[in-house]
Amino acid sequence: MTTASRLPDSYRGGDGGANLADILERVLDKGIVIAGDIRINLLDIELLTIKLRLVVASVDKAKEMGIDWWEDDPALSSGARGKELARENTELRERIQVLEAPGESPVESGGDTPP
């Protein structure tokens, strides 16, 4: 006696890896957002609020959505580290120029005397 299966074809076995790859490709191509809030109240006084946001998307899709925070974070991007060092070098050079300017010393310009 044969009974019909109630499970869709994708759950009956077979090539499950291809289905997972297809799903992953769709999620990365379209993107998915999962959002949730956790609030802890005591006697109608809000003690803690945690807002959780999870975005799963490809880098290209994230940039398309305007999400590119990793490009400016020195901990995550070598390009951002270079920009940070260049900015710091420029600031230090400007400070040196001010300190070494002829006829102008920090003491004369109202600066504190060194200890």
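This is a predicted model: local features need pLDDT of at least 70, side-chain atom pairs count only at pLDDT 80 or more; totals for chains, interfaces and linings use all residues.
Local features were taken only where pLDDT is at least 70 and side-chain atom pairs only at pLDDT 80 or more, whereas totals for chains, interfaces and linings use all residues. Residues are numbered from 1 along each chain as its sequence is written, and side-chain values use heavy atoms, with hydrogens and water left out.

The protein contains 3 helices and 2 strands, arranged along the sequence as α-β-β-α-α; these elements are DSSP runs, with helices being H or I of at least four residues and strands being E of at least two, numbered from the N terminus. Of the contacts (heavy atoms within 4.5 Å) with a separation of 6 or more, 18% are between residues 24 or more positions apart.

Of the 115 residues, 3% are buried, where buried means under 20% relative accessible area, exposed means over 50%, and partly exposed lies in between, with a 1.4 Å probe and protein chains only.

The elements that give two or more residues to the patch are β1 (32–42) and β2 (45–56), and β2 gives the most, with 5 residues. Ile-45, found in strand β2, counts as exposed because its relative accessibility is 52%.

Side chains of opposite charge can pair when their charged atoms come close. With a salt bridge taken as a side-chain nitrogen of Lys or Arg within 4 Å of a carboxyl oxygen of Asp or Glu, the count comes to 3. One of them joins Arg-53 and Asp-37 at 3.1 Å, N to O, and this pair links distant parts of the chain, since Arg-53 is in strand β2 and Asp-37 in strand β1, 16 residues apart. Arg-53 is partly exposed at 49% relative accessibility, and Asp-37 is partly exposed at 40%.

Another salt bridge brings the closest N and O atoms of Lys-61 and Glu-64 to 3.3 Å; because these residues are 3 apart in helix α2 (residues 59–64), about one helical turn separates them. In helix α3 (residues 78–100), Glu-91 and Arg-87 lie 4 residues apart, about one turn of the helix, and their side chains meet in a salt bridge at 2.5 Å, N to O.
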